[in-house]
Amino acid sequence: MAANLRNNAFLSSLMLILLIGSSYAVTSSEMSTICDKTLDRAFCLKFLNSKSASPNIQALAKTTLDATQARATQTSKRLQSIIDGGVDPRSKLAYRSCMDEYENTIENLEEAFEHLASGDGFGMNMKVSAALDGADTCLDDVNRLKSVDASVVNNSMGIKKLCGIALVISNMLPRRS
């Protein structure tokens, strides 16, 4: 009888924890609210719906930063490949400048992860803003060229959109005082 009561108490506690934990899952309403504040709602909804398993807003922030960092790393590798492949001096200068921006972007995203982990939404916001600026500056650099690598442009646009999502999410996170 005592063992049965302990099992019931354990099961009741477990169910309560699961119920409370599941109530913090990111809802479709929250996703819609996030995407309403971005510049490309359709891109945002498609991205967030593919990440709907995120249990809470912090996990969604991490997932968004992961995707942004992966794309920034991919772009950096593509830029290095273009530079190594031999382009005209003007293009090489623009792609090198872009490469420098992406090195800073990747560093800023790494610091954004640190701020997220420490519960500092404001700090995350600042670093994501800096990462967005890097992608934007890269676009300015390469869009002046006669012939532009489409993957660099597309990835940079994607990074700007992902940073926009991360910025909105960061504003939903707690602020450290």
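At 0% relative accessibility, Cys98 counts as buried, a term that denotes under 20% relative accessible area, as against over 50% for exposed and partly exposed in between, with a 1.4 Å probe and protein chains only. The model examined here is predicted, so local features need pLDDT of at least 70 and side-chain atom pairs count only at pLDDT 80 or more, while totals for chains, interfaces and linings use all residues. Residues are numbered from 1 along each chain as its sequence is written, and side-chain values use heavy atoms, with hydrogens and water left out.

Cys98 is joined to Cys138 in a disulfide, with the two sulfur atoms 1.5 Å apart; a disulfide is defined as a pair of cysteine sulfur atoms within 2.5 Å. Because Cys98 belongs to helix α5 (residues 89-117) and Cys138 to helix α6 (residues 121-142), this pair ties together parts that are 40 residues apart in sequence. Helices are DSSP runs of H or I with at least four residues, strands being runs of E with at least two, and these elements are numbered from the N terminus. Cys138 has 0% relative accessibility and therefore also counts as buried.

The count by this rule is 2 disulfides. The other bond links Cys35 with Cys44, at an S to S distance of 2.1 Å. The torsion about its S-S bond is about -75°, which means that the disulfide of Cys35 and Cys44 is left-handed. Both Cys35 and Cys44 are buried.

When the bonded cysteines of the chain are numbered in sequence order, the pairing reads 1-2, 3-4. A further cysteine, Cys163, counts as buried because its relative accessibility is 0%.
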